[in-house]
Amino acid sequence: MDTKEQFIKQIEENLKGNGFPEKKVSLPLEKMYEIADTKGLSFNAVLKEMREDLGIESVLETDKVIFSLVKN
C-alpha cells in the first residue's frame, strides 16, 4: 500500500468514526492540506481519487472540507 492509499484509508476511517456515510462529515481544510504536504501528496489529487474510486464527494469551504457520498 503506497502513501496515498494509506492516507485515503486514514481519512476513510476518520470519516466512519464520525458517522459517515449516514451523515456528512467535515474536517479542517488547512490541516488536511498540511498533512498531505508532509506526506509528499497533493490533497486535491487525494480528493479526486476518493471521488472517482470510492464515490466520496468533497466540498471545499473556507476552513473545512465536507465529505458526503456522490449522488447518482
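The following legends describe close-up views of a predicted protein model.

Residues are numbered from 1 along each chain as its sequence is written, and side-chain values rest on heavy atoms, with hydrogens and water left out. Because the model is predicted, local features need pLDDT of at least 70 and side-chain atom pairs count only at pLDDT 80 or more, whereas totals for chains, interfaces and linings use all residues.

Figure 1. Helices (H or I, at least four residues) and strands (E, at least two) are DSSP runs, numbered from the N terminus. Along the sequence, these elements follow the pattern α-β-α-α-β-β. The C-alpha trace spans about 30 × 30 × 20 Å along its principal axes. The radius of gyration, taken over C-alpha atoms, is compared with a globule rule of 2.2 Å times the number of residues to the power 0.38. For 72 residues, a compact globule would have a value near 11 Å, and the protein agrees with 11 Å. Of the 72 residues, 29% count as buried; here buried means under 20% relative accessible area, exposed means over 50%, and partly exposed lies in between (1.4 Å probe, protein chains only). Contact means heavy atoms within 4.5 Å. Among contacts between residues at least 6 apart in sequence, 59% join residues at least 24 apart.

**Figure 2. The open sheet of three strands, in the order E1-E3-E2.** Two strands pair if DSSP finds at least two bridges between them. Strand E1 (residues 25–28) pairs with strand E3 (residues 64–69) in the antiparallel sense over four bridges. Strand E2 (residues 56–60) is joined to E3 by five bridges, and these two strands also run antiparallel. A hairpin of three residues leads from E2 to E3. Individual partners can be followed in this view: proline 28 is bridged to lysine 64 of E3, and leucine 60 has valine 65 of E3 as its bridge partner. The order of the open sheet is E1-E3-E2. E1 and E2 are its edge strands, each pairing on one side only. From one strand to the next, the twist averages 25 degrees.

**Figure 3. Strand E1 and its two faces.** The covered face of E1 carries Val25 and Leu27, while Ser26 and Pro28 belong to the uncovered face. Valine 25 stands opposite phenylalanine 67 in E3, and leucine 27 stands opposite valine 65 in E3. Leucine 27 is buried, with a relative accessible area of 8%. Leaving aside residues up to four places away in sequence, leucine 27 touches Ile11, Asn14, Leu15, Met32, Asp63, Lys64, Val65 and Phe67.

**Figure 4. Helices H2 and H3 against the strands.** Axes are lines fitted to C-alpha atoms, for helices over the stretch in contact, and angles run from 0 to 180 degrees between N-to-C directions. Helix H2 (residues 29–38) lies across E1, E2 and E3 and runs at about 65 degrees to E1. Helix H3 (residues 43–54) packs on the sheet and touches E2 and E3, its direction making about 145 degrees with that of E2.

**Figure 5. Helix H3 and its buried face.** H3 has twelve residues and reaches 16 Å from its first C-alpha to its last. This is close to the expected 16 Å, a span defined as 1.5 Å times one less than the number of residues. Which residues of H3 are buried? They are Phe43, Val46, Leu47 and Met50. Seen down the axis of H3, these residues fall within an arc of 100 degrees, so they line one face of the helix; the arc is that of the directions from the helix axis to the C-beta atoms. Their cover includes helix H1 (3–17), H2, E2 and E3. On the face turned away from the buried side are the exposed residues Glu52 and Asp53. Glycine 55 follows H3 and has a positive phi, near 70 degrees.

**Figure 6. Serine 68 in strand E3.** Is serine 68 buried or exposed? Its relative accessibility is 13%, so serine 68 counts as buried. Apart from residues up to four places away in sequence, serine 68 touches Phe20, Lys24, Gly55, Ile56 and Glu57.
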